[in-house]
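Biologist: I have a chain to go through with you. Could we take it residue by residue and then look at the whole?

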Amino acid sequence: MTAAEQETQENHVSGATVWLTGLPSAGKTTIAYELAGRLREEGHRVEVLDGDEIREFLSAGLGFSREDRHTNVQRIGYVAELLARNGVLALVPVIAPYVDSREAVRKRHQANGTAYVEVHVATPVEVCSVRDVKGLYAKQAAGEISGLTGVDDPYEEPLSPDLRIESQDQTVRESAAALHTLLTERGVL
């Protein structure tokens with residue numbers, strides 16, 4: 001190997017977008033932060049693009065109509081792809097309820113040659129409503145809010161996710177480990 005080839009290999013840092021989709025309170029963000037901690041310990045560059053934070057800082061002013069949700073997902077997908085193609089593992093725990101929105105993000109990644117992994121955190125709505133991390137299910141049941149994904153607004157499950165996690169059947173650490181194993185098998189790590 002020449003010195004130039006060795007330098008190129010040493011400077012190559014691969015990134016990827018790992019999109020965790022699922023219902024509210026499915027465990028997406030918890031799993032993403034658990035995995036991020038492990039990846040950082042291993043020396044990887046990682047960012048978690050939390051859906052709530054993105055709504056506050058990047059997508060402020062958007063509502064929850066189908067069009068606004070699509071716009072939100074596309075913005076997040078753009079930022080994730082930008083990070084990923086610059087060597088960062090972008091973990092994206094965002095509901096992204098519509099197949100066409102998620103597919104548009106995947107196609108953008110493919111067009112740029114950027115790794116993309118879709119994970120369905122497939123926690124049943126009955127379990128999510130008991131967890132109710134943000135109190136959304138209780139507010140919806142009390143008639144205080146409407147348009148709750150998976151209850152009175154649609155959630156289109158992924159047709160063929162790269163990984164399906166049923167978080168109600170395993171610990172957060174086990175869920176993160178399953179995702180770590182997949183990323184290793186895919187050559188992302």
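Biologist: Is Asp169 buried or exposed?

Modeller: This is a predicted model, and in it Asp169 sits in the loop between β5 (163-165) and α8 (172-185). The cut-off for exposed is over 50% relative accessible area. Asp169 has a relative accessibility of 57%, so it counts as exposed.

Biologist: How far apart in space are Asp169 and Arg40?

Modeller: In sequence, Asp169 and Arg40 are 129 residues apart. Their separation in space, C-alpha to C-alpha, is 26 Å.

Biologist: Which class does Leu83 fall in: buried, partly exposed or exposed?

Modeller: Leu83 belongs to helix α4. Buried requires under 20% relative accessible area and exposed over 50%. Leu83 has 23%, and therefore it is partly exposed.

Biologist: Which residues is Leu83 in contact with, leaving aside its neighbours within four places in sequence?

Modeller: Contact here means heavy atoms within 4.5 Å. With those neighbours left aside, the contacts of Leu83 are Glu47, Leu49, Val88 and Ala90.

Biologist: And how far from Leu83 is His109 in space?

Modeller: The two residues are 26 apart in sequence. From C-alpha to C-alpha, Leu83 and His109 are separated by 11 Å.

Biologist: What span should helix α4 have, and what are its end C-alpha atoms apart?

Modeller: Helix α4 covers residues 66-84, which is 19 residues.

Biologist: What is the phi of Ser25?

Modeller: Ser25 lies in the loop between β1 and α2 (28-41), and at 14% relative accessibility it counts as buried. Most residues other than glycine have a negative phi. Ser25 is not a glycine, yet its phi is positive, at about 70 degrees.

Biologist: What is the phi of Asp132?

Modeller: Asp132 is found in the loop between α6 (125-131) and α7 (136-141). Its relative accessible area is 14%, so Asp132 is buried. Although Asp132 is not a glycine, its phi is positive, at about 35 degrees.

Biologist: Now the whole chain. In what order do the helices and strands follow along the sequence?

Modeller: The chain has eight helices and five strands. Read along the sequence, their pattern is α-β-α-β-α-α-β-α-β-α-α-β-α.

Biologist: What radius of gyration does the chain have, and what would a compact globule give?

Modeller: The C-alpha trace spans about 70 × 35 × 30 Å along its principal axes. For 189 residues, a compact globule would have a radius of gyration near 16 Å. The chain agrees with that, with a value of 17 Å.

Key. Residues are numbered from 1 along each chain as its sequence is written. This is a predicted model: local features need pLDDT of at least 70, side-chain atom pairs count only at pLDDT 80 or more; totals for chains, interfaces and linings use all residues. Side-chain values use heavy atoms; hydrogens and water are left out. Helices (H or I, at least four residues) and strands (E, at least two) are DSSP runs, numbered from the N terminus. The radius of gyration is taken over C-alpha atoms; the globule rule is 2.2 Å times the number of residues to the power 0.38. The expected span of a helix is 1.5 Å times one less than its number of residues. Buried means under 20% relative accessible area, exposed over 50%, partly exposed in between (1.4 Å probe, protein chains only).
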